[in-house]
Amino acid sequence: MKAILGAALMLLAFAALSPGARAADGGPCVRPEAGSDIKRPPDLYSKKGVLNVAFRYYTSVDSYGRTLFCFVTPDGLESPTLHVKPGDTLNLALTNMLPPSLGAPSEVVSGKGDACGDTEMTIASVNIHFHGANVSPTCHSDEVIRTLVNPGQTFQYSIHIPKDEPPGLYWYHPHVHGISSSALQGGPTGAIEVEGIADLQPIVAGLPERYIVLRDQRLGALAVENPIVPAPNWDVSVNYAPVNYPEYTPAVIKMQEGSQEFWRVVNAGANTIMDIQVTYDGVAQPLQVVAFDGVPTGSKDGKRKGSIVTQYDILLSPAARAEFVIAAPASQSTKAVLKTLAIDGGPIADSNPARPLATIVTTKAPVGLPRMPAAGGRSRHFRFDDLVNAKVTATRKLIFSEFKPPVGGGDKEGAVFYITVKGKKEKPFDPNEKPRIVTTRGAVEEWTIFNHSAEVHEFHIHQIHFLVEEVNGVKIPKDQQQIYDTFQVPYKQGFGRDPYIKIKLDFRGPTVGDFVYHCHILDHEDAGMMAKIRVLPRRGADRRAQNGRTIMKSASASATASR
């Protein structure tokens with residue numbers, strides 16, 4: 001299926017441009033020109049504990065012939081930021097507006113008994129993953145193994161945000177295995193904010209708030225050969241403003257002179273690793289980090305208050321988020337740049353060179369950003385906030401590995417990627433296989449994740465976060481450990497030992513059921529580097545409650561049938 005996917009997606013996009021449909025210069029997937037001022041994504045806020053949203057999934061083609069995808073509300077808002085509070089419910093109706101993929105490859109991934117939506121995956125299928133959210137993996141919630149919405153279908157999500165959800169930045173994106181990378185390169189991604197971070201990080205209270213969504217897409221200048229400027233594997237964009245190879249025309253960020261801003265940054269790229277840095281006249285600026293991956297920094301020891309982590313660059317794996325305070329340049333004469341540094345991902349990794357992302361220019365007047373609310377003065381318990389002290393109940397070892405055909409020989413699409421429990425046989429992901437790991441609600445596990453390949457991989461697990469304790473033999477002091485949902489595993493060099501990370505995973509929350517863990521370089525995930533985990537209910541109260549719900553459901557069904 002993967003070998004003909006690119007051509008099939010291109011035909012699908014052109015099929016959408018029927019008479020009356022809008023192309024690259026108008027929509028339905030609207031994109032700004034290179035060098036544009038970045039615009040804040042539109043905002044949608046919950047009211048009285050509920051946020052009701054409708055998304056329509058469209059495709060289009062840009063001026064470079066790249067296939068675009070987009071989530072658009074009925075009133076024309078593309079990729080809005082969804083603002084919710086702990087305890088809220090997000091109701092999202094997703095309608096797939098793509099044309100039918102007649103004659104394109106397809107695959108049956110579910111039977112009638114385990115389907116969630118359609119049973120047959122095509123190149124036009126879509127679903128949504130609510131990345132980082134510690135919510136249920138059941139159908140109509142954050143389930144990605146079986147959920148398929150095909151052209152002409154509408155699917156209803158109901159996401160219940162836990163009352164103890166950490167306040168911070170999350171995001172949403174399609175997650176259909178086999179086509180997730182191509183979908184994300186089209187751009188249907190957006191931010192989710194769980195409100196309340198000022199209560200743990202009062203430094204952000206009252207500051208202008210800026211959302212920066214970094215994305216990647218297929219190179220627009222495919223035929224360009226430039227020996228001076230190394231070509232990346234993918235072009236990137238900043239709030240959809242393209243930064244295309246080889247010109248690398250940066251987007252524009254306007255800041256009020258002398259101000260501070262609260263930046264909330266997500267790497268929503270499919271495959272591109274970034275190492276972001278802000279320089280003023282060539283000098284790297286301090287970034288006062290208040291959260292990684294939606295969890296306030298420092299909040300893992302039960303003290304219920306965050307701490308500031310000052311960094312001069314931040315490595316952002318695909319899917320990673322960082323939230324930080326940044327001071328504006330001193331004057332209009334300052335040469336100020338947001339950029340990504342070059343990435344050393346290993347000898348067989350994608351090319352991710354250094355490149356500018358945006359030029360920062362100052363103004364005398366305020367720039368019109370909304371300001372963060374004042375701190376509420378409340379200190380509340382939230383998930384994972386005592387994980388550093390939690391007792392480990394089980395340990396496991398996992399291995400990232402891969403097979404790539406030799407350069408110049410074999411099928412270029414024949415690469416296969418694996419994530420394997422140590423001692424088990426390597427095999428790519430199969431949605432119909434049994435879970436490779438089974439644990440029980442209440443467990444706290446320590447996983448050592450090795451990398452047997454000559455390129456980095458980005459470990460991600462759905463439904464929970466984890467604490468990073470050790471990286472390649474270097475133990476992180478407890479007071480410096482942080483909580484993430486995506487983290488990079490270094491690549492192997494030569495014939496030495498496999499590099500690794502050691503993490504602590506928290507299954508003490510209410511989540512039970514099947515979900516996945518994988519590499520968040522989505523070309524790797526699509527090629528097999530994913531597996532299922534099953535969390536069973538605890539003995540006793542959990543299972544009695546589950547049995548009670550099953551009995552009530554059966555009784556209700558019987559009563560309905562007898563009417």
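A disulfide is here a pair of cysteine sulfur atoms within 2.5 Å. The structure examined is a predicted model, and by this rule the count in it comes to two disulfides. When the bonded cysteines of the chain are numbered in sequence order, the pairing reads 1-2, 3-4.

One of these links joins C29 to C70, with an S to S distance of 2.2 Å. The torsion about its S-S bond is -75°, and the link of C29 and C70 is left-handed. C29 lies in the loop between α1 (5-16) and β1 (43-45), whereas C70 belongs to strand β3 (residues 67-72), so the pair ties together parts that are 41 residues apart in sequence. C29 and C70 are both buried.

The other link is formed by C116 and C139, whose sulfur atoms are 2.0 Å apart. The torsion about the S-S bond of C116 and C139 is about 90°, so this disulfide is right-handed. Distant parts of the chain are linked by the pair: C116 is in strand β7 (residues 116-117), and C139 is in the loop between β9 (129-131) and β10 (147-148), 23 residues apart. The cysteines of this pair can also be described by their accessibility. C116 has a relative accessible area of 2%, so it counts as buried, because the cut-off for a buried residue is under 20%. C139, at 34% relative accessibility, is partly exposed. A further cysteine, C519, has a relative accessible area of 0% and is therefore buried.

In general, strands of a sheet pair through backbone hydrogen bonds, either parallel or antiparallel. Strand β32 (residues 457-461) is joined to β36 by four bridges, and these two strands run antiparallel. Within this pairing, E458 has Q488 in β36 as its bridge partner.

Several local features of the backbone were also examined. The peptide bond that joins Y245 and P246 is cis, with omega at about 0°. P246 is placed in the loop between β16 (241-243) and β17 (251-256).

Positive phi values occur in residues that are not glycine, including K48 and D281. For K48, phi is about 55°. K48 is found in the loop between β1 and β2 (50-61). The relative accessible area of K48 is 89%, so this residue is exposed, as the cut-off for an exposed residue is over 50%. For D281, phi is near 50°. D281 also has its place in a loop, that between β19 (274-280) and β20 (283-284).

How values were computed:
Residues are numbered from 1 along each chain as its sequence is written. This is a predicted model: local features need pLDDT of at least 70, side-chain atom pairs count only at pLDDT 80 or more; totals for chains, interfaces and linings use all residues. Side-chain values use heavy atoms; hydrogens and water are left out. Buried means under 20% relative accessible area, exposed over 50%, partly exposed in between (1.4 Å probe, protein chains only). Two strands pair if DSSP finds at least two bridges between them.
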